[in-house]
Amino acid sequence: MFKRSKRGMIGLVIIIIFSFIAIFAPFIAPYAPIEPKFGVGEYQALGSGVGLPIAYQLSKPIWYKYLPWIPRGEITTYATAYTYTYQTFQFLIPEEKYDPNLTPSLTPEQKLSISVNDRIYLTGQVSGVKKVEAKLPNQTSIELIENKDWQAGSTISEVVILHRFPDDTQITVTYTTGVDLVENMKIVKDHKLSTPESFEEWNWTTNSKNYINVTYNSQEGLKITGTDDSGCIQISYKNPPLSPPSTVETTLYYQTFAYPYYEPPKRFWIHVSSKATGIIGYYVDVLIYSENEGKEYVLYSKSMSMGDYSPLVVDSNDPKVASNIGVSSHPQSKVFGHPGNFTFGIRIRFTPQNQDATIYIDDVDCLLYGNIFGLLGTDNAVPYPTDLFSAFVYGARVSLIVGVLTALFSTFIGLFLGLFSGYVGGMADEAIMRFADLLLVLPTLPLFIVLVTALRTTSGTVSMWNIIFILTLLGWMSFARSVRSMVLSLKERAFIEAAKAAGGGTLHIINRHLIPNVFALVYITLATSVPGAIITEASLSWLGLGDPRLASWGKILYDFNNSGVVTSKGLLEYWFWVFPTCIAIALLAAAFILLGYALDEILNPRLRERR
Amino acid sequence: MGLKGYIARRLVYTVILIWAVITVNFIIFALMPGNPIEAYVSKLSKMDEAKFQQMLKYYGLDKPLHERYLLSLEHLLTFNFGISYNYGSPVFEVIMQRLPNTLLLGGIAEVTSIILGMLIGVIVAYKRGGALDTGIVTASLLTYSVPIFFLGWVLITIFCLQLHWLPTGLEQPVAWSRVPPSSIFEYISGRLYHIALPAITLILFTVGGWILLTRACILEVISEDYVLTARAKGLKERTVLYKHVLKNASLPLITNVALGFAYIISGATITETLFSYRGMGLLTYSAIMTGPDLPLLQAIFYILALCVIIANLIADLLYGIIDPRIKYA
């Protein structure tokens, strides 16, 4: 009979799909739902628990690259700002923050004393400013001349306005920029140098050809216990008996790689571990050679001392890296400004100490973080952004567990109290029903909030079980009421009287005669009370009352709401962050309601006739 | 007896409910495991000695439990909620600034939602089984099951960020803090302009429930014998629908008006937070986020419960007037 109910089947299929996702979450989700890291312990010199973020914050879904309408390549765009006078300074405020009601009107004398040296910040990888235009409040447009009215700031992505304009003047900068969808890139294939073949990908040059040899060493590398990755690169220096070189420079180059994107990577992360014997100190330089520019960027130079393996990490977020190549921030924009071929290299420099020396290098890695990642992108968590697809998959677990357990518990409490109050009657009945009325009348969400906050004040956090407990506590009332009214009418039926006359006790009658008769209602209520629990759990998490260590759908929504993306960019740009989750909540809730309706139709003959 | 007895019973019941709400409030904050109030006050002692002494005295924490219960009964009945931890002013004053905003938002949303829901519900019930019925029932189910903040996000994206028709937040224009509105017309239009989006969100959130409920109530009545009789008499279909069916179907709907109000208050908590609309919901959110500000939270819950209880009382009284079985009993 169930097969005939189309709506019920749809509901059931949706529930089965989500249960499948929830049960097999660890196999479906590629990453951990909270603080995912990769390469934990692989860079041994950093420490055993250290791992890397899987991607950059706010990455877009990786399949965006198949969408033809997403702009890629070089494009011309513009930035707009308005002049605004405050006290004696004139500012440029970005268009999105501009409010014409805010600008005060100044007298001409006041305006004369105003100075201006404000700048417009351009976004994206700027390759050139084409035009700067000012539109005065009286709608006349003038084109501004470079170095007279404006000039480039300390980087090309700033335009400094040198001229003073009346308030509410609109200044528009037209410029060219590159936009692209950049995938994560791992430049060094085998950073652990676990096989001799991995060494063949490296080339080397030196200024002391006769004294230096670079080879693969299969013993001295950093080793993770239980794995076979003891290889490393060995730089051997043979001290000559006569006139040793004053400095020895050896450069290891990895295979040239193509960076095909018009937009720089969001971040780069480079790691080298090295150790030395036979010399007191040496320098490790990390460099990237750009073929287009014919220029070598030395990103970092670090002086190391003799001893065991020590790490060198070069992170584009480190302001030192930026200043090393002469920019104030975003070194990646300078290095990877345009598509082209690049070579990653390590240079070892040292002054010989009149003896042979050996330097070992291991765990050499160069990672470029792009702006697309995973099936649903990443969120803005710092420092480990979440893979939203994994969070979504694991979230199904929490939602289903909370929903189903709450429904189970509250339905059985409702069944028990309803049977008890209906069959026993009297004062107990009155007390239970009045209490149920009271709970039904109270505004639910504020009551939940008060309960959860009270719990949190005493115990610090709220676990999933607390939430289930509270939802159960406030979920049994309406079902208890319907069971009671059913029992009241059943009680007067002849078969109950017959059972009583036959000597059946209270328990026997409840068990054998009442429960079977109300059980249809139990199935229906089980199905229809799941959605409320799922949505309430999500709402509580959304308000920040959930467990922050629990990967629930509510946490995704809470993070989105707190990211500020909603009012700055809206759902359109980051729809993949919450859209799947919200749709899943709605689908799951609707599926349980449909299932409940279908059960109602099947188990309730009166409804069947009416249709 | 009749109507008067009914009203008297309802009033007594309301008084009992208020007492019960106060008791529940006391149980949650003073008797729950770990004792939230004591935990909260003892946490204060480390931060702010003056406030600690104030709270200690207000809650009577040095007194035995039954005296504390009587104290809280007295406090809540006289609207003496103590001093808000965040705002530093009496909680009652803080709440009274916010309550009208919430009642306005909730009222507009509730009334619009009921009218819309009943209209659509009647039409859908009358054309049951058709494509329109299936479509609207499915849509109602979906809006009913979509989390309300998602509706809000979608509306913000469409009306604020794409079309630039409506503001994303606040309950009145920002400029009013410097220049108050000059005319009553400007005041009303300014308020409506800001209330529109939260209200639409709430309406979308609740209208689905009303459509489904109206449909169900009408289907319950439409198969009754007296409807058949009315049709057999040769009455016009419209007369049958509005005079015989809707009139009888509206009784259970009225009971649900008060419950719907409680539901809207719940929804408003989230909507207000989403739209930074300064009502009770946003106040709740800030009370959770900063602190928590337990005295404020306690009072908010009590006042919201009072509002819902009063709404219930009004609905019950209306029910008594409309339902002839009570009037002439």
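Mentor: Let's start with B:Leu296. Beyond its neighbours within four places in sequence, B:Leu296 is in contact (C-beta atoms, placed from the backbone, within 7 Å) with B:Ser84, B:Asn86, B:Val91, B:Val94, B:Leu283 and B:Ala287. Bear in mind that this is a predicted model, where local features need pLDDT of at least 70, side-chain atom pairs count only at pLDDT 80 or more, and totals for chains, interfaces and linings use all residues. Residues are numbered from 1 along each chain as its sequence is written, while chains are lettered from A and ligands numbered from 1 in the order in which they are written.

B:Leu296 belongs to helix H12 of chain B, residues 294-322; helices here are DSSP runs of H or I with at least four residues, strands are E runs of at least two, and both are numbered from the N terminus. Why does B:Leu296 count as buried? Because it has 26 C-beta neighbours inside 10 Å, and the cut-off for buried is 20 or more other C-beta atoms within 10 Å of a residue's own, with C-beta atoms placed from the backbone. For a sense of distance, B:Ser182 is 114 residues away along the chain, and its C-alpha atom is 34 Å from that of B:Leu296.

Now over to chain A, which has 19 helices and 21 strands. Of its 611 residues, 42% are buried. Its C-alpha atoms fill a box of roughly 120 × 80 × 50 Å along the principal axes.

How values were computed: A residue is buried if 20 or more other C-beta atoms lie within 10 Å of its own, exposed if 12 or fewer, and partly exposed in between; C-beta atoms are placed from the backbone. Two residues are in contact if their C-beta atoms, placed from the backbone, lie within 7 Å.
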